[in-house]
Amino acid sequence: MAEQWTARLGALGLTLDQERLYLQLLTVAGLSAAQLGQVLGIGAERSLAALGSLAELGLVERPMPNGTLWSAAAPDVALEELLLRRELELRRTRGRITELLRTYRKSRSGTEAGELVEVITGRDSIAELWRSLQLSVRGELRVLDKPPYIRRADPELELAALARGVRMRVVYESRVLREPDRLAEIRLFTGAGEQARVLPELPLKLALVDDRWALLPVSTGTELQSVLLVRPSSLLDALAGLFELYWTRAMRLPAADSPDLPQDRHRQLLALLAAGLTDESIARQMGVSTRTVQRWVRELMDRFGARTRFQAGIQAARADLL
């Protein structure tokens with residue numbers, strides 16, 4: 001319990017001595033600086049200095065005249081006031097970000113273009129940047145998802161963003177779905193609220209974080225060594241338009257737990273077919289034999305009077321099955 005409180009109070013900017021003293025006074029009301037210093041092993045002088053700082057923050061009450069006993073202020077009031085102060089400081093700091101960013105850009109570029117587009121190189125730097133962008137997303141994250149990848153994604157980051165109300169729309173290239181573990185992960189995301197669609201091919205990797213940033217590779221290839229970070233500009237607007245174009249063209253990835261069986265099986269099959277997966281890949285994804293997949297495909301084609309798989313997909317889209 002003490003460790004849990006310490007971690008929380010540390011986020012409010014308290015030193016370790018201040019955290020421990022406040023927690024001790026919450027536990028035992030009315031102790032002198034000497035007693036607190038002895039209990040915590042920090043000595044009376046160090047204890048008194050930390051108590052004075054806590055009193056200035058409104059977290060402890062000073063001894064009565066001619067008294068020596070310190071007591072903790074009620075946490076529901078004292079901590080709320082301290083939290084508000086911290087929030088105000090953070091807002092002021094955020095207000096300086098634009099100024100600091102301008103200085104940062106000038107030191108690296110000295111041109112207007114350098115303020116709009118930044119090149120980040122190195123796998124670790126790219127991974128850390130992507131993590132920071134995921135943590136900073138406020139309203140919407142839009143992604144064109146295709147290999148190559150820097151490292152395996154952290155599902156907890158996306159699930160946390162979805163839990164705090166971030167809207168996520170992702171278009172996956174079909175080969176991403178050919179890995180059973182990756183498809184299971186995508187099912188987890190869609191179950192938590194992600195909107196997922198699929199296309200046989202995508203022109204590039206792309207991530208759009210709100211209307212503030214875009215992240216895309218410098219060049220195509222099998223390795224991702226450099227990326228572009230694009231800030232608000234006509235280029236960012238164009239990339240957002242590109243995403244929307246592919247989003248409207250993509251097939252919706254059916255939910256795995258739809259109650260619509262056996263139609264749900266057909267919807268999943270149609271989506272995988274539309275994504276360009278082979279019969280063998282579909283069989284692995286759906287946990288059936290290749291022969292079973294081929295039989296289901298024939299059933300769908302017969303159902304829609306289609307001569308080809310593509311025609312079956314068109315008819316399914318018209319019937320609002322995808």
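**View 1. The charged end of R169 sits over the ring of W247 in this predicted model.** The charged end of R169 is 5.2 Å from the centre of that ring. W247 belongs to helix α11, which spans residues 234-249, and W247 is buried.

**View 2. One aromatic pair is counted in the model.** The pair consists of F243 and W247, and its geometry is stacked. The ring centres are 6.0 Å apart, with 20° between the planes. Both residues lie in helix α11, separated by four residues, or about one turn of the helix. F243 is buried, as is W247.

**View 3. R249 lies over the face of Y246.** R249 is placed at 5.7 Å from the centre of the Y246 ring.

**View 4. E118 and R231 are joined by a polar contact between their side chains.** The contact has a length of 2.9 Å. E118 is located in strand β4, residues 117-121. The relative accessible area of E118 is 15%, under the 20% limit, so E118 counts as buried.

**View 5. Eight strands form an open sheet with mixed pairing.** The strand order is β4-β10-β9-β8-β5-β6-β7-β11. β4 and β11 (251-252) stand at the edges; each has a single partner strand, so one side of each is left without a neighbour in the sheet. Helix α8, residues 123-136, packs on this sheet and touches β4, β5, β8, β9 (213-217) and β10 (226-230). The direction of helix α8 makes about 150° with that of β9.

View 6. R142 stands opposite L208, a residue of β8.

**View 7. An open sheet of three strands has antiparallel pairing.** The order of the strands is β1-β3-β2. The edges are taken by β1 (31-32) and β2 (60-61), each with a single partner strand, so one side of each is left without a neighbour in the sheet. Helix α2, residues 16-27, packs on the sheet, where the helix touches β1, β2 and β3. The directions of helix α2 and β3 make an angle of about 90°.

**View 8. Two bridges join β2 to β3.** The two strands run antiparallel, and β3 covers residues 69-72. E61 has S71 of β3 as its bridge partner.

Terms used:
Residues numbered from 1 in each chain as written. Predicted model: local features only at pLDDT ≥ 70, side-chain atom pairs only at ≥ 80, totals over all residues. Heavy atoms only, no water. Pairing = 2+ DSSP bridges. Contact = heavy atoms within 4.5 Å. Axes fitted to C-alpha atoms, helices over the stretch in contact; angles between N-to-C directions. Buried < 20%, exposed > 50% of the residue type's maximum accessible area, 1.4 Å probe, protein only. Polar contact = N/O pair within 3.5 Å; in protein donor to acceptor, adjacent residues only side chain to side chain. Phe/Tyr/Trp six-rings, centres within 6.5 Å; stacked < 30°, edge-to-face > 60°. Lys NZ or Arg CZ within 6 Å of the ring centre and 35° of its normal.
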